[in-house]
Amino acid sequence: MTNPINYRYLNLPAEFINQKEITEKYSNTEGFDPTKNKQWRIDGGNPDIFNANAYDWLKQFNCEIGVCEIFYTAPKSGIRWHIDMSGFTPITDYVKINFVWGPESDHYMQWGESIIPIEEHEVGYNMVGSPHMIFKNEEVNITESLIIDKPTLLRVGIPHKVINDSDKGRWCLCLIPKSIGGGRLLWPKSIDLFKDYVL
Ligand SMILES: [Fe+2]
């Protein structure tokens, strides 16, 4: 079997998050409506939404956690095709480690190839102010589709989307690893760096 192009499951040595606590905390924030999508952005290094296992694990690679994000995708909803941009540089092929929970099935992350030149796409901002490049459905050919049911290292620098066809809200916490004193990790480098934990 050939390796996937855009993601790798990770075999992490310990629990990095407490899904129940996060769900309870953020579903009780002001303005949360379970029928509507919502995002949160947590600035600052090493936020305590992750437990110490996460920081210990990353330290061996001389890495830490930068900004992190939470995406709540409502039942029968989704996140449109986009490319994440770092806000500091033009498009880069950087990675996130995503933790997803909520529905057991009928939810997907998909990746695809843009059928028109990337430079021609519009840059927008999501509801927490992170820049991204957006695509219409007809501008992307789907290449991969995945149910994220374990921690997953994945690319956000090429077009991707989320579909939640289930009747439960889908929670996704994004850990954005970065080098200590440096920047975000690029896809090829991160595969090599985390190779002992890649499934
Ligand atoms: Fe994204």
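Let me begin with a term we will need: two strands count as paired if DSSP finds at least two bridges between them. Please keep in mind as well that what we have on the screen is a predicted model.

With that term in hand, we can turn to the sheet, which is an open one of 6 strands in the order S7-S8-S4-S11-S6-S9, and its pairing is antiparallel. At its edges stand strand S7, residues 122–125, and strand S9, residues 140–146, and because each of these has a single partner strand, one side of each is left without a neighbour in the sheet. If we ignore direction, neighbouring strands in this sheet are turned against each other by 40° on average.

As a reminder, strands of a sheet pair through backbone hydrogen bonds, and they may do so either parallel or antiparallel. Here, strand S4, residues 77–84, runs antiparallel to strand S11, residues 160–164, and the two are joined by 4 bridges.

Stepping back to the protein as a whole, its secondary structure comes to 3 helices and 12 strands. The radius of gyration is 16 Å, close to the 16 Å that the globule rule gives for 199 residues, and the protein is therefore as compact as a globular protein of that length. The C-alpha trace spans about 45 × 35 × 35 Å along its principal axes, and 30% of the 199 residues count as buried.

How much of the contacts with a separation of 6 or more comes from residues 24 or more positions apart? In this protein, such residues account for 85% of them.

Definitions and conventions:
Residues numbered from 1 in each chain as written. Predicted model: local features only at pLDDT ≥ 70, side-chain atom pairs only at ≥ 80, totals over all residues. Rg over C-alpha atoms; globule rule 2.2 N^0.38 Å. Buried ≥ 20, exposed ≤ 12 C-beta atoms within 10 Å, placed from the backbone. Contact = placed C-beta atoms within 7 Å. Axes fitted to C-alpha atoms, helices over the stretch in contact; angles between N-to-C directions.
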